[in-house]
Amino acid sequence: SSHLAQAGLLPRAVAVAACHCAVYLHTARAKMQNYNEKTFKDVKPAAGGPSPVLQVGLFCFFVMTRAIHPTIIDASKSVDPETGKKYFAYGEMTVVLGETVVTLIVAQLMALGSGGMKEWKAIWDPKPMKVFSFIGFVYALGDFLEMASMGSL
């Protein structure tokens with residue numbers, strides 16, 4: 001890339017950045033641990049888990065749910081008798097907030113049912129709560145944007 005910069009084909013800043021990236025990648029490769037058959041010899045294979053049939057079934061369920069989701073959202077719209085335009089007869093955030101409340105209740109009941117009070121208390125641990133709260137926020141933002149976009153169609 002420095003040859004391209006000298007030839008005037010790349011600005012100097014881009015050439016310098018490219019050189020820094022090349023050095024970083026070379027250093028990162030040198031520091032990487034080499035894995036072989038002995039590296040994980042003491043690791044036990046994962047115990048159990050859902051069967052392949054259940055995994056395929058859940059995948060198909062998820063795909064179908066996401067595929068019919070816009071249809072359900074469109075069917076929930078009301079029609080203005082004067083203009084004939086479709087609109088939501090409820091606030092866009094109502095659905096997101098309602099889904100969040102239901103998810104919180106169901107998740108807490110699942111924690112209580114699967115591990116009792118000990119498992120329920122574990123979901124309030126601040127360290128994972130920070131991670132999963134951020135993920136939940138991103139999903140809620142996506143749901144809101146989906147509702148907003150469907151409202152304009």
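**Labels and their cut-offs**

Modeller: Lys77 has a relative accessible area of 9% and is therefore buried, since buried means under 20%, exposed over 50% and partly exposed in between (1.4 Å probe, protein chains only). This is a predicted model, in which local features need pLDDT of at least 70 and side-chain atom pairs count only at pLDDT 80 or more, while totals for chains, interfaces and linings use all residues. Residues are numbered from 1 along each chain as its sequence is written, and side-chain values use heavy atoms, with hydrogens and water left out.

Biologist: What makes Asp74 and Lys77 a salt bridge?

Modeller: Their closest N and O atoms are 3.8 Å apart, and the rule asks for a side-chain nitrogen of Lys or Arg within 4 Å of a carboxyl oxygen of Asp or Glu. Lys86 also meets Asp74 in a salt bridge, at 3.1 Å from N to O, and through shared partners Asp74, Lys77 and Lys86 are joined into one network.

Biologist: Why is the pair of Phe88 and Tyr90 called tilted?

Modeller: The ring centres are 5.2 Å apart and the planes stand at 40°, so the pair is tilted; rings of Phe, Tyr and Trp (its six-membered ring) pair if their centres lie within 6.5 Å, with planes under 30 degrees apart counted as stacked, over 60 as edge-to-face and the rest as tilted. The rings of Trp120 and Trp124, with centres 6.0 Å apart and planes at 65°, are therefore edge-to-face.
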